[in-house]
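Colleague: Before we use these labels, I would like to hear what each one rests on. Please go through them in turn.

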Amino acid sequence: MSIEEKAWELLEKSVLYYQGREIGTIAACDTDLIALNYDQCFVRDFISSALLFLMRGRTEIVQHFLEETLRLQPKTTQFDSSKPSRGLMPASFKVIPYEGGEYLKADFGDHAIGRVAPADSGLWWIILLRAYVIATGETDFAHRPDVQEGIRFILELCLVTRFDMYPMVLVPDGASMIDRRMGMYGHPLDIQSLFYAALRSSLELLVENEDNQKMIQGIHSRLIPLRRQLREHYWLDPDRLNVIYRYRVEEYGEEALNQFNIYSDSIPFYRLAKWLPEAGGYMAGNLGPSQLDVRFFALGNLMSIVSALATERQSHKILNLIELRWSDLVGQMPMKLCYPALEDVEWRIVTGADPKNRPWSYHNGGSWPVLLWMLTAAAKKMDRGELAHHAIAVAERRLLEDHFPEYYDGPDARLIGKEARRYQTWTIAGYLLAKELLAHPEHLKLINFDWESK
C-alpha cells in the first residue's frame, strides 16, 4: 500500500459522526495510548481535513461542521468569567451518548491544559466558511441570518472597545496552535496573520445591510492600519536589522522612530545577523512594549504569504529564508513550528520549565508535518513549487514508517516526538492536502488572497 493510499484509509477512519452525519475528524487514532482529548474534533485540527474534503467534492461534512460549531457558539453576553464569552468558538467538541441519543459537548478551554480559551478557532471558522462558499458557490448558506450573526459575534471579540491602542488583536499566551506558555502573549504573529485573513474573508461574506454596516466599517478601519503595522514593524531583514540596531530609546511623541521603546541589548544581533541571509527576511514572532520577539514562527509567516499580508517582495524573502536555511527550518521533516528553541535559563523562565516544551521538542523548536500544506500553499502561490516538491519528498521518506506522528523532536527533526501521538489526523490530512495542492494548484483559490493595491 502506498503512502497516499494509507493516508486516505486513516483519514476515513478518523471521520466523526453525529446523529448519522459526518461532522468532523477526531484528532488522532492512536489506540496504544489513552485517548485524553485526542478523541475530540478540534477546530484548528479539522481545517486541513476540511480543505481536502472541499477539494474532493465532499462538501457536506464541511457544511455540517460549520453548522454544528455555530450552534455551539454562545449567543448571549456573559459577565460570568467562568462561562465563555459571546461569539467564542470552541477549541474542540466531542460526541456524548445520552439516554439513547447523543449530544455535542464543547470545550472552550475550560478543560484544556492551562485553561486558555482559543483565539484562533473563530478566525479559522471564518476562513473555512469562505473556502466552503468558493468551493460550492453556495452564497445563500453564508447569507443565512444565523451564519451572518455568527461572523459578527466572532469579529466583536476582535474589534470591540479595549485597553489596546494598536490595530493588532490582543490575546493571552497559549491561545493559538501553540497552546502552552511560550512567551506569545500580547500580539503574536500567528494570531495576527489569521486575524488579517479572517477580516478579509468577512468582507467577502458579510451582506451589506443595516445589521452588518457597523461591522463592515470596523473591518475597513482596521485592515489598512493592521497591514501597515505588520509589514513595517514586524518585518526583519538585513536592512531592517541595521535600523533597529541603531535605535534610540526613551523617545517620546508622535515622531518617535522607536515607537515600542525596543532596547537593542534585548536582541541577539550578532547571532541573528549571521543567520539571516542577505536575500532573506521574515516577520518577527511578536511585538509590544520593549519587546521584539525575533524568533521565526512558521504558521504566521506562511499564512502572511497566503493571505497577502506580506508584500510580494517580502513573501519571496520569506521563502528565500526557508530555502537558504533549509537545514534549520525544514531538516529531516517539514517544518519547524518555531526557531530557534528557548534553552537553559530562558526556557525555564519563559515556559515555566515545561517538560513537554523542553528545547527542540513540541512547540519549542519541534517540527510539525501539518505545516507541510501551508508551505506548499505559500510556495505554489509564489511560483516556487520546487520548494514544495522538495519538502514533500523529505516528508514521504518517513511519515508512513513513523505512523504519521503529531510532531518530531531535535534540531534537525530526526526524532519522533517524545510524547507525539501516532496516526495524528492533521498530520495525515496536511500531507494529503499538500499533495492535492501540488497536483491541482487551481484549488489554491480556496485559501489564497490577492494583494491589494492600497
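Predicted model: local features only at pLDDT ≥ 70, side-chain atom pairs only at ≥ 80, totals over all residues.

Modeller: Residues are numbered from 1 along each chain as its sequence is written, and side-chain values use heavy atoms, with hydrogens and water left out.

Colleague: What makes the largest pocket a pocket, and what volume does it have?

Modeller: On a 1 Å grid over the protein atoms alone, a pocket is an open set of points where a 1.4 Å probe fits, with protein on both sides within 12 Å along at least five of seven lines. The volume, about 890 Å³, is the space filled by probe spheres set on the points, which are joined across faces, edges and corners.

Colleague: Which residues line the largest pocket?

Modeller: A lining residue has an atom within 4 Å of a point. The largest pocket has 33 of them, with S85, R86, L88, A117 and L157 nearest its centre. The largest share, 4 residues, comes from α6; helices are DSSP runs of H or I with at least four residues, strands are runs of E with at least two, and both are numbered from the N terminus.

Colleague: How does the lining of the second largest pocket divide by class?

Modeller: It has 15 nonpolar, 7 polar and 10 charged residues. Asp, Glu, Lys and Arg count as charged, Ala, Val, Leu, Ile, Met, Phe, Trp, Tyr, Cys and Pro as nonpolar, and the others, Gly among them, as polar. N37, Y38, F42, D179 and Y362 lie nearest the centre of this pocket, and α2 (43–55) and β4 (92–98) each supply at least two residues of its lining.

Colleague: Why are β4 and β5 called paired?

Modeller: Two strands pair if DSSP finds at least two bridges between them. The antiparallel strands β4 and β5 (residues 101–107) are joined by 7 bridges, so they pair. One of the bridges links V95 to L104 in β5.

Colleague: What makes the largest nonpolar core a core?

Modeller: A nonpolar core is a set of buried (under 20% relative accessible area, 1.4 Å probe, protein chains only) Ala, Val, Leu, Ile, Met, Phe, Trp, Tyr and Cys residues joined through side-chain atoms within 4.5 Å. The largest has 158 residues, of which W125, L129, I322, M335 and W373 touch the most other members. Its largest share, 10 residues, comes from α4.

Definitions and conventions. Buried < 20%, exposed > 50% of the residue type's maximum accessible area, 1.4 Å probe, protein only.
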